[in-house]
Amino acid sequence: MSGRLDWRSGPAGPLRGTLGVPGDKSVSHRALMFAALADGSSRIRGFLEGEDTRATAAVLQQLGARIETPAAGERLVHGVGLHGLRASPDPLDCGNAGTGMRLLAGLLAGQAFDSTLVGDASLSKRPMRRVTDPLAAMGARIDTQDGLPPLHIHGGQRLHGIRYELPVASAQVKSALLLAGLYAEGETEVIEPHPTRDYTERMLAAFGWPIAFEPGRAKLTGGHALRAIDVDVPADFSSAAFFLVAASIVPGSELRLPAVGLNPRRTGLLKALRLMGADIRVENQRSSGGEPVGDLVVRYAPLHGVELPEALVPDMIDEFPALFVAAAVARGDTVIRGAAELRVKESDRLAAMATGLRALGGKVDETPDGATIHGGTLAGGTVESLTDHRIAMSFAVAGLVAQAPVRINDCFHVATSFPGFMALANGCGFALAVAD
């Protein structure tokens, strides 16, 4: 993906309306992969039409899965079975999708053929040893460029199950090992220092694979089969996060966000905002495809700073940029610790948010694993997104309450996770435009 797109976000009045945010990216990735490996055809509704998920679909098609698009947000995947994928003569391009690359590394480690996973400039700087090292312990052979992509995966390796204790909690690494475990002899068990999202475990069970899991632990044995199912993808909580913060900080606002995924390992921001005094209700709670879902109703409420409990950190890794904005305009200080993982996302999100908020007149003291954000007011100014979609959208929210417009440079990658963000945002009251 190339090109340049800058935004201008201006102060706005109350935000109102009902917003259908896009489907969950994590669920969309996994639904595609498991459906491709299943016996039979699976229909996926609510699929995220983003660059990342489309890249995963394209990779699976290169590997021989047939995927139809009956309508926008819908995919019909004709599975080839656990051993039905075939080699591609060309590299498999994951684009900007770190989730796609790490999960595919686990899936491809058990195939009979060689594969090469590549990505864009941003993804090519993201660390992969945290995945390739434990996969190697299972018998995989994966070559990297000093721990970075491209990943050259050697096929025909005999994988064996291992018991692996993750040094750093990561749903992506856990999922990669469980995917490799589908092809391994014996039992694969993954133990986490803190529980992370259990999308992979819930979906494997829904597709009929025997798996035992509880918060912080998952285990399965190889040699079973996946059976096709229909998947309704819930709305992405990470996408809803920007509107939860926006409505919380713009006086007079009230937004309703229907059918949002409320996986307990994903909703740390919801708990954090409530600790800060946010007024967010969950209505119509239900289950969809093994995932808890509910309608979120958020109203403006004055926020105050908090010392964020470290236990919430793994459950809100992707939502920290939005939290930084809430903290910057809250009353008092917000202290974040235990969030070093943010330094190896699409950008160094700790540094990017601290630098951006300072450019708008905010006060942030950065630490190696977090920050202290001194709440107050934000002026206008120019910030760099570093081509990180979540940084860009977070500063679009900051512009709503800044004293003058905020210019956000390099917003092109927002389409990776949230196509149509600008139209949806402006529809509920944002003042967001393409900058000159």
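**Checking the labels**

Mentor: Keep in mind that this is a predicted model. Helix H2, residues 51–62, has 12 residues and reaches 16 Å from its first C-alpha to its last, close to the 16 Å expected at 1.5 Å a residue.

Trainee: What makes residues of H2 count as buried, and which are they?

Mentor: Buried means under 20% relative accessible area. Asp 52, Thr 53, Ala 55, Thr 56, Ala 57, Val 59 and Leu 60 are buried, so each of them falls under that cut-off. These buried residues of H2 pack against helix H1 (25–37), strand E4 (66–68), strand E6 (92–93) and helix H3 (98–109).

Trainee: How are helix H9 and helix H10 packed?

Mentor: H9 (residues 320–328) and H10 (residues 349–359) pack at an angle of about 30°, with their axes 10 Å apart. Their crossing is right-handed. Pro 321, Phe 324, Val 325 and Ala 328 of H9 make the contact with Arg 349, Leu 350, Met 353, Ala 354 and Leu 357 of H10.

Trainee: What is this contact made of by class?

Mentor: The contact of H9 with H10 has 8 nonpolar, no polar and 1 charged residues. Arg counts as charged, so Arg 349 is the charged one.

Trainee: Why is one side of strand E2 and of strand E16 left without a neighbour in the sheet?

Mentor: The 4 strands form an open sheet in the order E2-E15-E17-E16, with mixed pairing. E2 (16–18) and E16 (279–288) stand at the edges, each with a single partner strand, so one side of each has no neighbour in the sheet.

Technical notes: Residues numbered from 1 in each chain as written. Predicted model: local features only at pLDDT ≥ 70, side-chain atom pairs only at ≥ 80, totals over all residues. Heavy atoms only, no water. Helix = DSSP H or I, 4+ residues; strand = E, 2+ residues; numbered from the N terminus. Expected span 1.5 Å × (residues − 1). Buried < 20%, exposed > 50% of the residue type's maximum accessible area, 1.4 Å probe, protein only. Contact = heavy atoms within 4.5 Å. Axes fitted to C-alpha atoms, helices over the stretch in contact; angles between N-to-C directions. Left-handed = near helix turned anticlockwise from the far one by under 90°. Pairing = 2+ DSSP bridges.
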